[in-house]
Amino acid sequence: TPSTKKSYKITLLPGDGIGPEVVSVAKDVLLLTGSIHGIKLEFQEKLLGGAALDATGVPLPDDTLSVAKQSDAVLLGAIGGYKWDKNEKHLKPETGLLQLREGLRVFANLRPATVFPQLVDASTLKREIAEGVDLMVVRELTGGIYFGKPRGFGTNENGEETGFNTEIYAAHEASMFWRKRVMALAQEYPDVELSHMYVDNAAMQLVRYPKQFDTIVTNNIFGDILSDEASMITGSIGMLPSASLGDSGPGLFEPIHGSAPDIAGQDKANPFATVLSAAMLLKYGLGEVEAAERIESAVLETLNRGFRTADIYSAGTKLVGCKQLGEEILKSVESHA
Ligand code: ATP
Ligand code: MG
């Protein structure tokens with residue numbers, strides 16, 4: 001145990017659907033891991049998304065954003081659900097999440113896709129192709145066509161409805177722009193091997209031979225598509241964490257899955273993605289690498305001991321609910337040397 005006890009403020013945003021179930025597990029895992037590593041974690045729980053809409057009338061209350069900004073890291077569950085699907089845009093849970101990302105100025109989205117050896121058979125790819133895949137998609141989160149201006153609707157000369165959106169680059173050729181910037185930066189990191197690929201080829205290579213990738217750096221829309229594609233290689237959406245980072249201020253850590261309203265409140269949710277997001281929080285958000293690695297090991301250990309939620313269950317393993325899986329992860333955290 002280190003002699004100086006470090007202390008951090010964590011904002012918890014459980015959100016909607018299965019969010020509160022999986023965040024509760026991750027919180028317990030963080031607390032236990034912190035206590036083992038001499039890290040004091042102080043949690044503040046706030047409203048976001050549908051839960052915030054119901055209680056306050058807005059999807060991101062001021063109080064939530066200010067507490068999040070003042071903390072060292074933010075852990076989010078998931079937001080949204082059928083109940084709010086027909087709301088106007090500014091009253092949608094998803095708008096709250098976009099506002100939160102903007103408010104925290106997080107622009108780099110890290111999405112690891114790791115095929116756990118215990119879950120190789122859950123992959124959509126053949127065993128020999130999926131085995132050993134361990135890659136990270138780094139996606140730009142605040143720019144590109146999703147935020148393009150000008151955008152709008154109109155009609156063409158035949159009276160048909162049209163729509164347009166804009167993607168602006170600082171150079172004529174999008175690919176040249178990226179290439180130049182990346183190559184300039186790469187000179188500062190001679191130990192990083194760099195290669196370039198067009199996105200259509202990358203999409204194909206991801207399912208042809210994913211082991212060739214270590215880190216994929218890409219823009220907002222391509223990163224969205226490629227990371228969803230990569231996620232399927234790993235089996236379940238319930239396994240995949242993410243981190244969104246800026247150049248200062250707290251990072252935002254969340255599972256890539258949504259609020260899964262179809263299984264909410266039934267103790268069926270897979271908490272691994274959120275627990276792994278908590279590990280990313282320790283590693284990338286607080287720089288507590290050893291504590292993060294303890295959590296990663298505990299996840300592997302829990303899988304080794306055969307415990308599975310329904311989404312990753314296979315014959316011969318032990319089917320458990322979200323809560324019990326949480327208990328088993330805690331045991332693994334505790335027992336890990
Ligand atoms: P969003 O629009 O918020 O991304 P979505 O509609 O894409 O949400 P999810 O909420 O991610 O969808 O759910 C997709 C499917 O995956 C659902 O059948 C859901 O039950 C399942 N699922 C999602 N997360 C988990 C989890 N942690 N454990 C088990 N099943 C999950
Ligand atoms: Mg989705």
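Strand 5 (residues 134-140) and strand 8 pair in the parallel sense over four bridges, where strands are DSSP runs of E of at least two residues and helices are DSSP runs of H or I of at least four, both numbered from the N terminus; two strands count as paired if DSSP finds at least two bridges between them. Val 138 stands opposite Val 217 in strand 8. The model is predicted: local features are given at pLDDT of at least 70 and side-chain atom pairs at pLDDT 80 or more, whereas totals for chains, interfaces and linings use all residues. Residues are numbered from 1 along each chain as its sequence is written, with chains lettered from A and ligands numbered from 1 in the order in which they are written.

The pair belongs to an open sheet of eight strands in the order 2-1-3-10-9-4-5-8, with mixed pairing. Strand 2 (39-45) and strand 8 (215-218) lie at the edges with a single partner strand each, so one side of each has no neighbour in the sheet. From one strand to the next the twist averages 20°, taken between axes fitted as lines to C-alpha atoms (for helices over the stretch in contact), with angles from 0 to 180 degrees between N-to-C directions.

The largest nonpolar core comprises 78 residues; such a core is a set of buried Ala, Val, Leu, Ile, Met, Phe, Trp, Tyr and Cys residues joined through C-beta atoms within 7 Å. Helix 9 (residues 272-285) contributes the most to this core, with nine residues. Leu 75, Phe 253, Val 275, Ala 278 and Ile 295 have the most contacts inside the core. Contact means C-beta atoms, placed from the backbone, within 7 Å. With residues up to four places away in sequence left out, Leu 75 touches Ile 10, Leu 12, Val 23, Ala 26, Phe 253, Ser 277, Ala 278 and Leu 281.

The loop between strand 10 (251-255) and helix 9 contains Ala 260, and Asp 267 is also found in the loop between strand 10 and helix 9. Phi is positive in both residues, near 40° in Ala 260 and near 60° in Asp 267. Most residues other than glycine have a negative phi. Ala 260 counts as buried because it has 24 C-beta neighbours inside 10 Å, and Asp 267, with 15, counts as partly exposed (buried, 20 or more other C-beta atoms within 10 Å; exposed, 12 or fewer; partly exposed, in between; C-beta atoms placed from the backbone).

Notes:
Two residues are in contact if their C-beta atoms, placed from the backbone, lie within 7 Å.
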